Amino acid sequence: MKMKKNAPKVVANGAKKPTKLKDMSVDDFMNSFGDSGSDSGSGDEQDSVNDAKVAKAKNGVLNGNGHLGSESEEDEESGESGEEEESGDDEESGEEEESGEEEEVDDENGEEEEDVESGEEEEDDESGEEEEADDESGEENFESGDDDDGLDDASSDEEVKGDIAVKHKKSLHKLKDIDPEFYKYLEENDKKLLQFNASDSEDSEAEKGEGDDDDDANDDEEGLVHKPPSKLEVNSDESDFEGEDGMPSQRKSGVVTLKMIEKWRQSLQNEKCVQTISDVVQAFHAALQRVAPEAERSACVFKVEGGAVFNAVVQMCVLDLLPALRKYLNLTSASLSYTNPVKCKRWIKVKTLIRSYSADLLQLLGGIASVNITTIVLKHVHQMTPFIICFPNVTKHFLKRMISLWSTGDETVRVVAFMCILRATTIQQKTLLDQVLRHMYMAYVQNTKFVSPNTLPGINFMRRSLTEIFLLDENVSYHHAFLYIRQLAIHLRNAITLQKKESTQAVYNWQFISSLALWGELLGASSKQALQPLLYPVVQVTVGAIKLVPTAQYYPLRFHCAQILINLSRSSGTFIPVLPFLLEILNSYNINKKHSKVSMKPMDFSCILRLSKAQQQENGFKDAVIENIYSLMLESLTNEAHSIAFPDLALPVVVGVRHFLKNCKVANYARKLKQILEKVEENIKFIENERKNVAINLSDLKAVQDWETAVKVKGTPLGVFFTSWKKMNSAKQTKLKKDSIDISENLPKIVRPKKKKTAEGPVELLPSDDSDSDIGFGNDDSPKKARGKRGKKSKGQPSQKRPKLSEDVSDDGADDVVEDVDLSEW
């Protein structure tokens, strides 16, 4: 059968992707040789043609055994004719393949493909179906012709296959002269195709078991035996341990030993092996199951026995597991702050392991009693935070545990737990900030129900740290702050309208005051305008709490609220009138009233909201009231000492203090407030002198602010005095706290006189003193003393006689005799 040499050229469509190698035939590949030399299209079309040629060439290599259908059979026909293979101008029209590997090629020239004539006379068909029928008949005739030529034998088939492979190899070598550009393209992109070996055609037969020893011997003689490459590509060791679901398969259970732990540690430090990470996580889980209650225990791969092994496993996980995970995922400690581990290529292999380890780590935190060990584990959790928050279920438990430690733990534990919360919230701020704010505020309120000198530092830390979390996003914080401030206002409104004890207690408690302190500090620390609309509601609720029950019993609460307003005024730069609430105490309370009790130590209002009647009668109460008025008044005046309106603001203070000094008869109290009056008058004169030197238009707010800033930088007399007093007062408070802690050292000691040593001799069984000797124990020759009259005896009472003691008691060295005493004789 001969092929038409003047067949039209077929150019692959550049818009389509190149056909895969396994879908190409040898004929298509040979047909592409003529096209490459004559194609003069654009660069994109040429690249697509080259890709199609590579695919065809690879398919020719794969299908060189002649078992892939009509294309291979037509190759045999072309091999018989021997014209196209020798000249290298083989062109073949694109006929439709019936074997399921058909390819549609767009003809750019608009010409239809011509059919291959099978050696019999065939007329031009009017439809494509007739052409396919002719091709099939031609193939049948070709097969029958092969049978007639004696190709039924297996040996003859193998010879033909070998000839085809040899001819194909020669065609590949001739390709360099026929189409040098395409040959160069193959060298650059697919050298394996040019390194074709005839023995490759026998691979499929070897797989099916059709080959025999005789064929191998013949191939060795012909030099066509396939030679494997010098380096074999193998998969990583990690795939050997993976199960069907992609997770490492579990090994047989065994007891963990120190040698195994050391081996794992070396592997974690030096290798990137997911199996080692899996073993370490399983060992850590087994260690936790050892200390877990029996009802909560589950089956484990490993078994941990002994405290030394338990400690070694935990230490290995804390020190070496995280660096191994970072190394395996190609991450650094710095990149974890901005890189999501989920995006790593190997994340899927360690995802389940990290989830299990994170859950076990949080379980371990719940069972540790030592503060030092808890701190160490928390630092490890802080490093693992970017991995933990990748799992929503674990993150929920993580936040719950961290907030619990932040609100109830030791000082160091609180700090590290807050750092974990802050890191997790910063990484996933959009998803975690809302629930973190809600849960942390509820924990803060619950743990401020009782305030004492021991719990006060922890409450202050919670307030400052919670303020930092709220300032991460003030727009989100506004909704929470508005809701909780509104709740405080509702409690205050109910207390004012109902006027019941229960409603009053809902306001006058530490939780309410601590919430006001939190919002005051938050608004003062806010630098943006998002939270400023809440300033007025907070001030009004605080003032309402002061006026709710304005009696001496709640003076400590009034001082706490005044301190909140003073701090808010200083930090926000807003004038808040606080002095009237302090002057009201001086004018309403009778400070000259004598006290009925004497206090052993000064009274501290820092942890007190309400005073009892007994405490109000002590002299320490009046001392504490005057001391708090002095400090709060001095701090409030200092905040406005540089103001251009200070002489007008201080006028009520001057009038109120002078009135108090006129009626006060206690020298210590009068001396303190007189000192404030002198400093205020001195500052008034200073501001008036500064105002005289500069002509300022009061309507020009910017000029007024610049003047006040200059005066503040220059310094005011009241400001200088307050700075020195604050240093002295802080040192005094520190000393008082230290004295209260070391109070046991100041207790008086009882000095007991040392007993004199008695002379050596026989030791008496019951040695008696002088008073006992008068009763008559033993022989005593000393005269008895006359007893004095103790009073007249009553007539109706019988006289009590003392029992007579035995006079025969002698101490001649005989043994002591103990007799029963008859109580009726007494």
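Residues are numbered from 1 along each chain as its sequence is written, and side-chain values use heavy atoms, without hydrogens and water. In this predicted model, local features need pLDDT of at least 70 and side-chain atom pairs count only at pLDDT 80 or more, while totals for chains, interfaces and linings use all residues.

Biologist: How many of the 16 residues of H22 are buried?

Modeller: Helices are DSSP runs of H or I, at least four residues, numbered from the N terminus; H22 covers residues 510–525. Buried means under 20% relative accessible area, exposed over 50%, partly exposed in between (1.4 Å probe, protein chains only). H22 is largely enclosed by the rest of the structure, because the number of its residues that are buried is 13.

Biologist: Which geometry, stacked or edge-to-face, do the rings of Phe 418 and Phe 461 have?

Modeller: Rings of Phe, Tyr and Trp (its six-membered ring) pair if their centres lie within 6.5 Å; planes under 30 degrees apart count as stacked, over 60 as edge-to-face and the rest as tilted. Here the centres are 6.2 Å apart and the planes are at 80 degrees, so the pair is edge-to-face.

Biologist: Phe 418 or Phe 461: which is partly exposed?

Modeller: Phe 418 has 9% relative accessibility, so Phe 418 counts as buried. With a relative accessible area of 23%, the partly exposed residue is Phe 461.

Biologist: Over the ring of which residue does the charged end of Lys 672 sit?

Modeller: The criterion is NZ of Lys or CZ of Arg within 6 Å of the ring centre and within 35 degrees of the ring normal. The charged end of Lys 672 is 4.8 Å from the centre of the ring of Tyr 630.

How values were computed
Helix = DSSP H or I, 4+ residues; strand = E, 2+ residues; numbered from the N terminus. Expected span 1.5 Å × (residues − 1).
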